[in-house]
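Open the model in your viewer and keep the selection panel at hand.

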Amino acid sequence: MSRGQIITSDLLIATFILLAMIPVIVFSFESALDTASGNIKRSDMEMAAVRISDLLARTEGYPNNWESNASSAIVIGLAPSDRKLDAKKLAAFLDADYNMTKEIMNIRGYEYYFRMVNNGSTKGMPVTGDNAAFIRRVVSFRGADTLELTVWK
Amino acid sequence: MNSLYGSKGFVFSVDIAIGLVIVASILAMSSVYILSSEKSGISEIALRKTGSDIIAVMDYEGVLGTYNKTAIEGNLSSLIPFNMNMSMVINKYDTNGDFLDRLQINADLKKNYYSGRWMLAAFAGKVASNFYIVEYKVGFR
């Protein structure tokens, strides 16, 4: 009889502890999943920022004369040769419709803000969201200049 | 108590303690893993790209070709972001590929850096007069 009581008390205590642990485990797991999900979204934005900055600073775009008709652009690039920006391509990019450039850059779900530091030209939406990926590239444009790109949501 | 339960209560407490330690360890390790994955991201990619960009632009702007320590260090300090540090060694060769000289730019970075190489030629008129191989290191301050 007394052994039965011991098992019952063990079971009660174990059940109580298990019930107490379940919310802690569930909360921790959900918190970890939220963090992981946030990291994936952030990583996606960061990769977009890196990819776009590479295309802008290191390629001439496609077709190579896309600046003559920006709406025909398949890839927007500003550099006829590696990291040497072209004034006509930059002007065409700055004049192009913002949403169209987002479509071409394949970042429909995000906004972007582009700035040439020394030149002073800007394009896009200044950052107002909580999540942003920022990248800075040093380029040659009328001397050394810095291209800054922020992809944000 | 002991006469009724013997050592059973003690064993049960140890079991619980071990269980709690294991669960806490798993939660802590998974949190550390998730949080550490957040740290390595765009900053390290940007570091590598910034180093490569700076060397390329210093070449295009004719700064590296001057082979002048003061000019190169001055230009480098104006281009590099405040949170980054960069050093380089410029090895100078003649057109036969024979080593001539070496120039150290900024104090050599000893740890936590990415390294790269860049090659350029200096011209006298249309003829290459010297070749330079730049070995650079870039890291966070």
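Select chain B and color it by secondary structure. Along the sequence, the pattern reads α-α-α-α-β-β-β-β. That gives four helices and four strands in chain B. Keep in mind that this is a predicted model.

Now color chain B by burial. Of its 141 residues, 35% are buried. Next, draw the contacts within chain B. Among those between residues at least 6 apart in sequence, 60% join residues at least 24 apart.

**The contact with chain A**

Show chain A as well. How many residues does each chain bring to the contact? Chain B gives 28 residues and chain A gives 31. The area buried between chain B and chain A is about 2700 Å². Carbon and sulfur atoms give 70% of that area.

Seven residue pairs are in polar contact across the interface of chain B and chain A, both residues of each pair being at pLDDT 80 or more. The rule also finds three salt bridges across this interface. For one salt bridge, select B:K49 and A:D54. Their closest N and O atoms are 2.8 Å apart.

Helix 3 of chain B has the largest share, with 11 residues. Color this side of chain B by residue class: 19 residues are nonpolar, four are polar and five are charged.

**Helix 4 of chain B**

Select residues 69–79 of chain B, which form helix 4. A side-chain oxygen of B:N68 comes within 2.9 Å of the backbone nitrogen of B:T70, at the start of helix 4 of chain B.

Now show the side chains of B:I72, B:L76 and B:L79. Are these residues of helix 4 buried or exposed? B:I72, B:L76 and B:L79 are buried. They lie on the same side of helix 4 of chain B because they cover an arc of only 65° around the axis. An α-helix has 3.6 residues a turn, so residues three or four places apart point the same way.

Last, what covers the buried residues of helix 4 of chain B? From chain B, the cover includes helix 3 (42–60), strand 1 (84–93) and strand 2 (99–105). From chain A, the cover includes strand 5 (132–140) and strand 6 (144–152).

Methods:
Residues are numbered from 1 along each chain as its sequence is written. Chains are lettered from A and ligands numbered from 1 in the order in which they are written. Side-chain values use heavy atoms; hydrogens and water are left out. Buried means under 20% relative accessible area, exposed over 50%, partly exposed in between (1.4 Å probe, protein chains only). Helices (H or I, at least four residues) and strands (E, at least two) are DSSP runs, numbered from the N terminus. The arc is that of the directions from the helix axis to the C-beta atoms. Contact means heavy atoms within 4.5 Å. A polar contact is a pair of N or O atoms within 3.5 Å; within protein, one must be able to donate a hydrogen and the other to accept it, and residues adjacent in sequence count only if both atoms are side-chain atoms. Buried area is the accessible area (1.4 Å probe) that two parts lose on being put together, summed over both. A salt bridge is a side-chain nitrogen of Lys or Arg within 4 Å of a carboxyl oxygen of Asp or Glu. Ala, Val, Leu, Ile, Met, Phe, Trp, Tyr, Cys and Pro count as nonpolar, Asp, Glu, Lys and Arg as charged, and the others, Gly among them, as polar.
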